[in-house]
Amino acid sequence: GDFQQAAIAPHLERALAGHSVQFEIELPRRGQVRHLRGSYVPDLDADGRCRGVYGLTSDATELKRAEQQLEHMARYASLTGLPNRFSLRVQLEAAAERAQRSGMLRALLFLDVDRFKSINDGHGHEVGDRLDVGARAVVELP
């Protein structure tokens with residue numbers, strides 16, 4: 001449709017100008033977002049003028065969903081759904097950069113529960129998980 005042509009047009013123009021182009025676009029289609037990946041390679045004559053473009057476009061929606069799922073699995077604990085250590089490190093680095101740019105002070109609050117294993121063993125993992133989620137929610141307040 002028109003939206004797809006408008007989204008692809010800048011990439012095609014670059015290819016027609018003699019540049020190899022790779023791109024990814026999102027297209028709304030029937031209430032869903034489809035992800036298209038494509039590449040254009042110009043066909044240049046001996047003088048370097050573009051005679052045309054070779055193009056390949058494919059629907060990468062399922063691949064994009066798998067990438068997003070892997071990204072989520074890498075950053076969030078499967079048990080609680082809360083950010084994991086990797087995500088915490090990324091967030092702390094970003095906060096440190098923001099504080100450096102703005103000149104503001106920064107602080108980190110760390111809560112620890114002594115003998116946490118005994119809570120899980122004595123009251124069950126569900127109680128321990130709720131306590132863990134509650135402690136993390138306090139830490140994650142803006």
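Helix α1 (residues 2-16) lies across β1, β2 and β3, running at about 175° to β1. Helix α2 (residues 61-75) also lies across β1, β2 and β3, at about 115° to β2. Axes are lines fitted to C-alpha atoms, for helices over the stretch in contact (heavy atoms within 4.5 Å), and angles run from 0 to 180 degrees between N-to-C directions. Helices (H or I, at least four residues) and strands (E, at least two) are DSSP runs, numbered from the N terminus.

This is a predicted model, in which local features need pLDDT of at least 70 and side-chain atom pairs count only at pLDDT 80 or more, while totals for chains, interfaces and linings use all residues. Residues are numbered from 1 along each chain as its sequence is written, and side-chain values use heavy atoms, with hydrogens and water left out.

The three strands make an open antiparallel sheet, ordered β1-β2-β3. Because β1 (21-29) and β3 (50-59) are at the edges with a single partner strand each, one side of each has no neighbour in the sheet. From one strand to the next, the twist averages 30°. Two strands count as paired if DSSP finds at least two bridges between them; β1 and β2 (residues 32-44) pair over nine bridges, in the antiparallel sense. Val21 has Tyr40 of β2 as its bridge partner.

Confidence is given as pLDDT, the predictor's confidence in each residue, from 0 to 100. The chain average is 83, and 87% of the residues score at least 70. Mean confidence is highest in β3, at 95, and lowest in helix α5 (residues 125-139), at 60. Over residues 137-142 the pLDDT is below 50, and this stretch has six contacts in the model beyond near neighbours in sequence.
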